[in-house]
Amino acid sequence: MKYALITGANSGLAHPVIASIKDDYFLILTDVSEALNGAYTDIPNKLVIVGDLTKKETLSRLFDQIKNITKKLDLIIHFAGILEIGPLMEVPLEAFEKLMRINFFAIYTVNQKFFPFLKKAKGRIIHLSSEYGALLALPFHSFYTISKRSVEVYNDSLRRELKSWGIKVIKVRPGAFKTAMQANVTKKFDKILAATKDFQSPLTKMQQMMLAELKRAKDPRKIVKTFRKAIYKKRPRTTYNVGQSFKMKLLNILPEKIQDYLLGLFFS
Ligand SMILES: NC(=O)c1ccc[n+]([C@@H]2O[C@H](COP(=O)([O-])OP(=O)(O)OC[C@H]3O[C@@H](n4cnc5c(N)ncnc54)[C@H](OP(=O)(O)O)[C@@H]3O)[C@@H](O)[C@H]2O)c1
């Protein structure tokens, strides 16, 4: 029996991936959302643990419950994550810290805690980066971008550190997919536009840009093929890009001065 731990198991991207691997793994599913209890009713081989992964209590409970059923983990996928947007000069430090706790430090802690389990199985770890983890830094989108860039650096160092243990460490960089995270962008913009003192005009333009991007967001089921490669391939790539924005990729290859000029035109 193979064992997989999936964080953020109730996320929009996790659902189709879990459905696609459910017959090959005993699934340990965790999420802060209580809705996880009512999800995946068609999967008999599972353990469901609801809790906030940034809390020590959840991590201890996760560890205790997992060690009662297995001493090895063949796969960990880190879907849990949140989005924060807004001006660097206005968003309170607490909001940035909260984002880093789940988008970055929870990954760090979970991987450390389950390293003995991964060693036993010569398992694999899949991290969710984003197109923002690799492409240029957009204004008002820095908190999430910083967290995903951190995941990228962490992923690459860890991959090299764990190679001799036979543990594969892979990052997936999705573009925009239609999930709750994307749907929340509208609410988030309403909040930051109501709160801003100095950035009303550029934030309104950013809101238009992100809402247009949202319309182009893809069906989460389209991510499954990429995940199956990362999960099942004997020799997976180090990085998988999927569904990224052509405009962002184009802007990314330009010199920084030109990027600044074009972004300046857009936001002025
Ligand atoms: N959708 C995209 O376009 C996209 C693009 C690039 C990368 N990604 C990445 O892919 C991953 C999944 O994204 P998604 O769009 O599927 O997001 P989503 O539907 O919003 O799901 C994120 C999940 O993480 C859970 N979560 C949040 N804080 C948590 C905590 N402290 N402890 C445990 N679980 C927590 C959420 O629970 P609640 O709902 O209760 O908060 C939610 O179930 C994220 O890491 C995201 O950054 C997504």
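This is a predicted model: local features need pLDDT of at least 70, side-chain atom pairs count only at pLDDT 80 or more; totals for chains, interfaces and linings use all residues.
Q: What is the order of the strands in the open sheet of 7 strands?
A: The pairing in this sheet is parallel. Its edges are strand 3 (46-50) and strand 7 (239-242), each pairing on one side only. On average, neighbouring strands are turned by 15 degrees against each other, direction ignored. Reading across the sheet, the order is 3-2-1-4-5-6-7.

Q: At about what angle does helix 2 run to strand 3?
A: Helix 2 is made of residues 56-67 and lies across strand 1, strand 2 and strand 3. Its angle to strand 3 is about 165 degrees.

Q: Which strands does helix 5 touch as it packs on the sheet?
A: Look for helix 5 at residues 142-162. Its direction makes about 155 degrees with that of strand 6. The strands it touches are strand 5 (124-128) and strand 6 (168-174).

Q: Why are the buried residues of helix 8 on the same side?
A: Helix 8 spans residues 224-232, and its buried residues are Val224, Thr226, Phe227, Ala230 and Ile231. What covers them includes helix 1 (14-21), strand 4 (75-78), strand 5, strand 6 and strand 7. They share one side of helix 8 because the arc they cover around the axis is only 155 degrees.

How values were computed:
Residues are numbered from 1 along each chain as its sequence is written. Side-chain values use heavy atoms; hydrogens and water are left out. Two strands pair if DSSP finds at least two bridges between them. Helices (H or I, at least four residues) and strands (E, at least two) are DSSP runs, numbered from the N terminus. Axes are lines fitted to C-alpha atoms, for helices over the stretch in contact, and angles run from 0 to 180 degrees between N-to-C directions. Contact means heavy atoms within 4.5 Å. Buried means under 20% relative accessible area, exposed over 50%, partly exposed in between (1.4 Å probe, protein chains only). The arc is that of the directions from the helix axis to the C-beta atoms.
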